[in-house]
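Here is a short tour of the salt bridges in the structure shown below. Keep it open as you read along.

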Amino acid sequence: MPFRIALSGLDAASTDLQVTGHNIANAATNGFKQSRAEFADIYANSIQDVSTTSAGRGVRVSRVAQQFSQGNIDFTASNLDLALNGEGFFTLADANGNTSYTRAGAYTVDRDGYVVNHTNDRLQVFAPIGTSGTNFNTGSTTDLQLPTLSGTPSATTSANVAVNLDSSGTATAAATLFDPAVATSYDNSTSTTVYDSLGTAHTMTMYFRQSTVANEWNVYTTVDGNIVTPTTNSTAAPSSAAYPSATVNFDTSGALVTGSGSISATGTLAFDPYLVAGAAPLNMTFDMNNSTQFGSAFAVNNLTQDGYAPGRLSGVDIDNTGVVSARFTNGQSTALGKVALAKFNNPQGLRQLGDTSWAETFTSGNVQMGEAGTSSFGLVQSGGLENSNVDIAEQLVNLITAQRNYQANAQVITTADTVTQTIINIR
């Protein structure tokens with residue numbers, strides 16, 4: 001019997017050595033979680049045995065327990081390197097739809113634009129709802145795919161114009177018709193770039209001319225040098241300079257008077273400024289609410305518009321809540337999804353799949369999906385990788401301990417052999 005007891009000890013010590021060696025071997029593996037061998041004694045007796053005098057029967061490995069403590073985070077130069085600071089796992093799906101979970105966050109992009117790990121499993125995200133980038137469908141996950149085509153353009157539909165018009169100027173004679181080539185036919189001008197439905201850029205210039213009516217200004221507009229008159233859905237660029245595109249009025253304190261001239265009650269005006277060949281008309285609304293008429297020099301305080309040209313993908317940003325945004329060369333940004341995180345009531349019950357990934361089991365409990373920074377989920381660190389949580393110094397001490405245990409059990413076998421040999425030699 002001592003032989004069997006010692007053999008069980010040797011087997012347990014050998015397992016301990018294997019677990020320790022596995023930990024040491026993966027000390028530099030990103031997202032790796034160390035394990036420890038746990039043992040239980042074997043105590044076998046029958047109903048007739050006296051338990052107080054019954055010897056044990058050895059030891060067995062009760063389980064190899066995974067330790068999911070947080071590893072240190074190292075910073076990298078890639079935005080697609082992700083680390084979790086806190087509880088949770090990244091969710092992955094393979095080509096067959098099988099789901100796995102991992103803490104290793106070294107991701108790249110495959111030929112189709114999907115964000116994948118080293119085994120080509122695709123990172124899962126919650127799809128965006130609408131274009132705001134603030135709402136996501138947390139009821140299901142989808143593969144994260146970066147756009148491979150250029151960002152689509154958007155036609156200019158509105159402009160915000162905030163200028164100060166100098167009230168101390170002299171009104172231009174009504175008999176002079178407006179001409180953008182004649183500087184004396186207007187008082188001031190300012191330009192901006194607008195875009196048609198195809199993303200083609202056009203120069204829009206607004207000319208301001210003081211009217212003979214007190215506190216009234218005429219606004220003339222040109223697009224690519226073509227004068228805009230208040231016509232709608234024209235089939236050609238209007239060329240008449242007889243009419244201003246808008247008139248604006250101010251009160252005696254210099255504030256804009258809404259509901260007068262061409263300005264609506266909300267301080268906006270709208271017209272179809274120019275039909276661009278091959279593109280839809282530029283139907284634009286101008287907001288001049290913040291324009292003033294003070295006795296100071298002409299000034300452009302704000303001049304913005306909402307259109308943009310087509311763009312190419314220039315980068316990817318991932319914030320600490322896991323929102324993935326694509327940046328384009330036209331200055332636009334689009335939310336592609338939100339990194340889907342998973343957690344389990346008993347993570348030690350997860351089944352190890354290799355490649356630093358795990359699968360759900362009955363023991364682990366059902367997966368609970370959520371978003372970074374909510375409930376007990378941790379935060380996502382872009383440009384970082386979680387190191388292994390293996391403590392080399394601790395593992396070396398464990399290595400020595402396991403070695404001593406192995407040697408001690410081997411000594412039991414030697415001693416039992418000596419005793420047995422003594423009995424055999426009795427004559």
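## Salt bridges across the chain

Glu-386 is buried, at a relative accessible area of 1% (buried means under 20% relative accessible area, exposed over 50%, partly exposed in between, with a 1.4 Å probe and protein chains only). This is a predicted model, in which local features need pLDDT of at least 70 and side-chain atom pairs count only at pLDDT 80 or more, while totals for chains, interfaces and linings use all residues. Residues are numbered from 1 along each chain as its sequence is written, and side-chain values use heavy atoms, leaving out hydrogens and water.

A salt bridge here is a side-chain nitrogen of Lys or Arg within 4 Å of a carboxyl oxygen of Asp or Glu. The count by this rule is seven salt bridges, including these:

| Pair | Closest N and O atoms |
|---|---|
| Glu-386 and Arg-103 | 3.0 Å |
| Asp-143 and Arg-122 | 3.1 Å |

Let's start with Glu-386, which forms a salt bridge with Arg-103. The two are 283 residues apart, with Glu-386 in strand β28 (residues 384–386) and Arg-103 in the loop between β6 (99–102) and β7 (108–109); strands (E, at least two residues) are DSSP runs, numbered from the N terminus. Arg-103 is also buried, at 6%. Together with Lys-33, both residues belong to a network of salt bridges.

Glu-371 is partly exposed at 22%, whereas Lys-338 is buried at 10%.

Notes. Helices (H or I, at least four residues) and strands (E, at least two) are DSSP runs, numbered from the N terminus.
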